[in-house]
Amino acid sequence: MNRILIPVALLLFLSGAATVGFSERPWAPRSDVEQPIPFSHRVHAGINKIPCQYCHEYARRSATSGVPPVARCVGCHGSGLLGGIKPITQPWTDDHQPPFEIRWNRVYALPDFVKFVHKPHIWAGVACQECHGPVETMDRVVPVHEINMGFCINCHTKRGATQDCFVCHH
Amino acid sequence: MSAEVALVSTFANDEDCVRGIEALHGAHAHDFRAFTPFPSEKVIEASQEARGQGHSPVRWFVLLGAITGFLTAVAVTIGTSLEWNLNTGGRPVVSIPPYVPIMFELMILFGGVSGVIGFFLLSRLPAFESETGYRSHFGSDKFGLVVRCQENEAQKFETLLRDAGAEEVQREAA
Amino acid sequence: MAAAIDTEIQPSYVDVDRQVQRALAPGGLKYWLWVLFCAFLTALGGAFWTNQIYNSFDITGYGQPTMWAVYITNFVFWVGIAHSGTLISAILFLFRVRWRTAIFRLAETMTVFAVATAGLFPLIHLGRVWFFYWLVPYPNERSLQPDFRSPLVWDLFAISTYLTISVLFLFTGLIPDIANARDKAVGWRRTFYSILSFGWQGTDRQWRNFATVYLLLAGFATPLVLSVHSVVSWDFAMTQLPGWHSTIFAPYFVAGAIFSGCALVLTLAIPARRLMKIEGLITIWHLDNLSKVVLLTSVIMTYSYATESFMVWYTQDPIEMATFQQRYYGPQGYMFWMMITCNCAIPLLLFIPRVRTNTVWLFIISIFVNIGMWLERFVIFVGSLSTNADPSQWKFYVPRLTEVIITIGSFGWFLMNFSLFAKFLPIVSMTEMKEGISWLKQAVREVYPYRKAA
Amino acid sequence: MSDGLSRRSFLKLAATAGAAAAIPGCEPAARKIIPYVVPDENIIPGVPSYFATTCGECSAGCGIIAKVREGRVIKLEGNPADPISQGAICARGQAALQGVYNPDRLSKPKRRKADGSLEEIGWDEALKLFNDRLAAAAKAGKDRIAYIGAPQGPTLDRLTKLWAGAFGSSRVVFWERIGTEPARAAADACFGRRDLPIYQLDRADVIVSFGADFLETWGSPVEQTRQYADFRTPRMRRGGLSIGKAAYVSPRMGITGAKCDAWVPANPGTEGAVALAVLNVMAGAGSLRHAGTAASAIQAQLAAYDPESVSRKSGVPVSQIKQMADWLGQAESPLALPGGDDPQTYLAAYAINALTGSVGNAMVFLAGAPAETASRPQETSAVVQAIGAGQVDVVVIAAGANPIFTMPASWGAATAIGRAPFVVWFGDAPDDSAQAAQLLIPTHHHLESWRDSAPRAGIYGLGQPVMQPVFPSRVLHDILLESAHLGAGEAAQSITWENAQDAVNAAWQELQSKLGLDPMGAEFWNQMRRNGGSFERAKALNVAFNPDALKGATPARVESESALLLAAFPHPFLYDGRGANKPWLQEIPEPSNQIVWDSWAEIHPETAAQLGLQEHYKSTYLYAGIDVIEIATPSGTLELAVHITPLVKPGVIAAPIGQGHTSYGRYASGRGANLWAFLPAGSRAVPVRARKIERQYKLVTPLGKSDMMGRSIVEVMSVEQLANGIKPPIELEEEENTPKLPYEMYDAWQYTGHKWGMTIDVNACTGCSACVAACYAENNLPFGGKEEVDKGRVMSWIRIERFIPSADEAAAAPNLYIAPVLCQQCDHAPCEPVCPVFASHHTPEGLNAQIYNRCVGTRFCENNCPYKVRRFNWYPAEWPEPLNLQLNPDVTVRGPGVMEKCTFCIQRITNAEIDARTEGRQLVDGEIITACAQACPARAISFGDLNDANSAMVKRRIDNPGRTYTMLPEFNALPAITYLRSLYWEKGKA
């Protein structure tokens, strides 16, 4: 009898496991994100050693770290006219204006019911890399950790930070 | 050394069947098997006595399961409470009284399940080939007693069984 | 019919087999129409549930402050139904009550399917049913587990244990009968039965273990059945809601459960024995005994109602008093009085032997009891919620289509399962009937005068 | 903030954030990130910025502070610098948010086609059409253009006048139906100045209000509520602990009557007569504590107002008249408040205050009172007549004045305007008057544009735009100026400003120089923008009372011979009707009747019996509806659903004003009846005939029973008990029922660090529901509409409980039991241990947490909550675009199937704690204020740390021994909220 029963049971179990395993959590970090312009963190943060918060300036002041305004890019790169640093990828010139509205694609997203705030983490001396991985070595940012509750809780436990659910979920 | 045979005897009721078993017991023939349509206590006791067995070891499965279940419950309830100690309604982190129902239920659950497992194992179920001398009417209205013996002894046992009140005795190769 | 009576006078092993297996004969058109009908009701209920999941509770009649209403009423109703089955099959088995043999399989089947039905309602009632598994402890990356202080978690464990044990108990008892049926059957049924029978052959070794495990399961099921409904009652008694916060709930609920359960056994057995032509096995004598249990529990219920009210009066707690005042004379008071009529007054008819031995009467009374017990749950749960501690939040609940259809669907689901079981598996235990054949003969003899009279 | 971030990127940002917020539960956040092109220094994404401005919802002109996140205003709060609001704000003010984000706002100019339907047209076309018509009208002659608008503050109104002048028209009216004309007229007669007196309720010890619902809509409710709470706070007076004593003369109780000691039911329109009778008695008595003006001179005028005849007319027993006279006469500093539209009420009240020497004390006239904002009714009606007579070519209806809705039927505004050849409507949400317009032009909401306001002497409120416009609308006065420059030629040269902002700027430079500062100095301007205006202390004038004024006293307009009187009153939230398109104001139950989304007719049980009116039930319990009556007034008949209540005088039908819009967006249209259309000019009372008609209607209320059944929900004690340290019976009962021995099963849980708690003074709470509105705004509470409320699915986390004392309680109770009920954050929270998944549990800071994303929706917690403060999401919440832009990004939007409840504004607590931690300091008391506490005009709610013995909240408990109680103590839930008992005078009933 178990010639039939066992395979059936096995099949059921596997399919169940598969559905659970592969069901995509919509806010899980996505590694397949292509960006509108080939911006390289490796070049900026890695080679040129630009500190993270030079561009992500809000991280120490706000919930969101903030994506640099185009003005910040133009600040160094000039607009092609002011002999600023020319990006290797695509020279910004008169006839090729910099994109004045960059629609970046989100890599890290949290659901509405998680109220993560960058500020206290920065002030507590948490390095950006602890969550975002060695961004300075990446051309295109890909997530290293899945930012799920377990990830947060482990760190909070390690550092003796609050474990009050209400602080993040409200 | 002569070949083995199985004597398949059929009885109308369990009293006769019991008598047959006792007869075999008297003849020190313990390689027998009784078939009954319902759990006739007489037959069960007789055969146990003949084989010199006590009560069925299923009991131990049940006991073991029950204890395991209880301990699991203790571990799970207290363990999980300690893993993340949250205050609900000002109760202490480990508040035993509310955990008692869980412990009780798991005790029952594990005990029952392991009991049934034990029953299957001990009764060699599922069985894929039929026992020697099984007859379908043993399931419904007749009592069967099958004894394996050397060909030369067969005659002796047959008379024993007939005296015990067997309606008929057949021989078949074991 | 005449033939049936003859066989009743001298039933034999073969006769038992014949009667039971006659019931297993392939079902006719009527049977399948009935099953289809039940299936349709089930599907309808399912459709409405799906709709509720997609459109949220907006489409139901739910609202402040009646957070629990028809669904939980149904849940407790079905769990209650289940209990009599275990009572008859396990407790009466331990007490070696002889009239149990003919009906315990039927009752036990009812138990299993009733629990299976009841188990659906907590899910139907959940706001976010897709997260129901959060009530089960399982290792997860958040290291979050259920709160074992919550009566609902006790409930989950109790109900699932109860279902498992009932299924095991039922199935273990079935194996020899299935084996018996296997030996008679041909074609696919033979394969079907031989799979289910696990190659059982009724050797003394098998019987020996069987007897032990069966006894022990019965021994386990007995405290289990008491615990389960106590736990269910604690879902309410553990709260502070006036009308729920009471210590007598556990025994009171258990009694009520057995009351409604036995009533439903009657409701099922009376048509079943007729349709399946097993009057010879489930005789008037059995029904008579069953109705005595109903009568007893009915009296216990009456006493419980009295006690409950007395305690409220005795405490003189204004809030409790107000709630009960509403329960009796409030806007939904008529339900309370209907319930009293169904549960306390009508069953008293069972004091009359003629009524106890008249299937029609029994059937009607059992129906009333079922209605009454459903109402009881509604009155206690929804009524108490409607009249809570803060008068500004009082509001009375009116079910809407969704709840009604899903409730009907649950009956369809239950009856469908039961009918299928009754057609494909022996609904009367042949082994035990044979074991107690002498009792059966006596039963027939005792019953005979009644039948003459009837 | 108006510069910087470009409108497009704002809208995108808003869209992104909005999308993120509007999607419930387990949905991904928006997938695109669009950075600023040029960052705005004022904006840190994720950190709110605050802008001081002035509330434009009513003429009180309170200073408010707008909380702005990512360029969209998400919350309005009172401006602490403003002496009127002093940091509080009313429900109507909160709801301005739903005005600016209203989904029914006009998004494009529209023109009415021949068939009467509207078609969208481009801006250029629309403005051309407008300008051409104006030019044509100006050519045709003088006064061919009429402007009807609501007052918009001195500068803009001046601008409007100049604009009209440029086109040679003087027909400009600033229309307020609930105006100040009678008050000004009376002041003119009595004191020779048309100013509005300033009342200082907190300086009085006895207040008698003659028809002034000063806690609901009259005057400046926020300020009066605060002052009244102060007036009612027990303190040493005349050598004894006591509170102020108040009486309210009015046909209906309302919450004003509920909070007064005596509600004196009088026929509508006779309040003035009653006042005069009281004055008569006082003047005659000669036993005045303080003699102000010569009593004899006054009494000479009042022969016609002897108590007996007035009592016959008004239905107020003589004894009560004498009682009130006695109260006023014997008071240290009495105050009479006049209300309604009847000038003689004002005359009498002023006379009383003069007689008792309260003028200059509790009632003062300030130097440098601002000019009148609203035009006088007669001017207005003249303009309307002119329009009707065809003397006007272009009618401009603007700035939320809704003449067709609010003007008295007798003026025939609808027909007149209908007859006008060309009507232009300017505004945000098209209202009833817009239906008569050929051209509709969308203008900025007051939160989007520059304004100023001068509510009273010394106070100049600055209204600055707090956000970029939500819709592609324009500033009204920019359009007007443009048209003047284009069409009026040299006549417009006198107007030097480019646009409205310039004008406001200029006005402030004037003020600057007036204050003797350098007009060019920018510092002043910035300071004004920070403070929200200039708040100077104006000095009081001493004025002389002219007794002859009382000659002008005319007998009450409404003769009580007629069987029934209709008394219309402004709905506390909908006011004159402008609030009706804001779902919050519709969903929050009207405090005294608890009815939502509707208008109704309050009728006393006796009268109801006479008319044969009753409630109907479908089955024995299912409420089916209530009878509808047809009310025949001189100006037509209306039908209203009856609300049978003892809170109204027998023989009176009281009905709320504000509903009955024919077109004012999806939330207002086709609800109830518009009472304005049936009231004569200058009165809110009219004799009517009423008959039951064979129709039933369902009035919806979230309220279950109005009877408190003696439970300790709202506890009360008498002033005498408080003064003599006598415990009220209910407290003795509780003490008796509490076990003496330690009876806890477990040790108490220890809270180190903070433990949040609240103290709520029920005595101060007036039930104004500002807290409820604030909670809706702060915590993203969905509104369900009438149907959902009917199913018992109100989502408010904080509610105003309103109970009517039963007959046997009435002797020892206030007129109504009123208290705010919210989650009590119990230490032994019954809701917590029943939750199977820890969604409900206690935080280390003593909060009763509800984790939405963990909730599976068993709803067990609400079953076990004695206070029934938890709310389940029965239906998917919806905020039609762009209402969702108002959602607070710091608060999760709950999806269907989860339980939610008050969190003590955890988002505010968390943010404050983060700030404190990152700045390396301790939290200071008062740093965290919950939305409800922040809004409360009565300062009834105080929030703080229970572990901090010096916190104001804890002090408040200590300072009020004998008044503290916890709600429903028999459940031993140990709430973190302690209430202070409400007080009443044992011999308080006049």
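Q: Which residues of helix 9 of chain D meet helix 13 of chain D?
A: In this predicted model, the residues on the helix 9 side are Glu271(D), Gly272(D), Ala273(D), Ala275(D), Leu276(D), Val278(D), Leu279(D), Met282(D) and Ala283(D). On the helix 13 side of chain D they meet Gln344(D), Thr345(D), Ala348(D), Ala351(D), Ile352(D) and Leu355(D). Sorted by class, the contact of these two helices of chain D has eleven nonpolar, three polar and one charged residues.

Q: How is the packing of two helices described?
A: Two numbers are used for a packed pair: the angle between the axes and the distance between them. For helix 9 (residues 271-285) and helix 13 of chain D, the angle is about 25° and the axes are 8 Å apart. Because angles under 35 degrees count as roughly parallel, helix 9 of chain D is roughly parallel to helix 13 of chain D. The crossing of helix 9 and helix 13 of chain D is left-handed.

Q: What does helix 13 of chain D touch in the sheet it packs on?
A: Helix 13 (residues 343-355) of chain D touches strand 10 and strand 15 of chain D, and its direction makes about 170° with that of strand 15 of chain D. The sheet itself is open, with four strands in the order 14-13-10-15 (chain D) and parallel pairing. Its edge strands are strand 14 (262-264) and strand 15 (334-338) of chain D, each pairing on one side only. Neighbouring strands of this sheet are turned by 15° against each other on average, direction ignored. Helix 12 (residues 318-330) of chain D also packs on the sheet, touching strand 10, strand 13 (245-249), strand 14 and strand 15 of chain D.

Q: How many bridges join strand 10 of chain D to strand 15 of chain D?
A: Five bridges join strand 10 (residues 206-210) of chain D to strand 15 of chain D, and the two run parallel. Within this pairing, Val206(D) stands opposite Pro334(D) in strand 15 of chain D.

Q: Which strands of chain D form an open sheet with antiparallel pairing?
A: An open sheet of three strands has the order 20-21-22 (chain D) and antiparallel pairing. Strand 20 (451-456) and strand 22 (533-535) of chain D each have a single partner strand, so one side of each is left without a neighbour in the sheet. The twist from one strand to the next averages 20°. Four bridges join strand 20 of chain D to strand 21 (residues 459-463) of chain D, and Asp452(D) stands opposite Leu462(D) in strand 21 of chain D. Helix 18 (residues 500-514) of chain D lies across strand 20, strand 21 and strand 22 of chain D, at about 150° to strand 21 of chain D.

Technical notes:
Residues numbered from 1 in each chain as written. Chains lettered and ligands numbered in written order. Predicted model: local features only at pLDDT ≥ 70, side-chain atom pairs only at ≥ 80, totals over all residues. Heavy atoms only, no water. Pairing = 2+ DSSP bridges. Axes fitted to C-alpha atoms, helices over the stretch in contact; angles between N-to-C directions. Contact = heavy atoms within 4.5 Å. Parallel < 35°, antiparallel > 145°, perpendicular 65-115°, else oblique. Left-handed = near helix turned anticlockwise from the far one by under 90°. Nonpolar A, V, L, I, M, F, W, Y, C, P; charged D, E, K, R; others polar.
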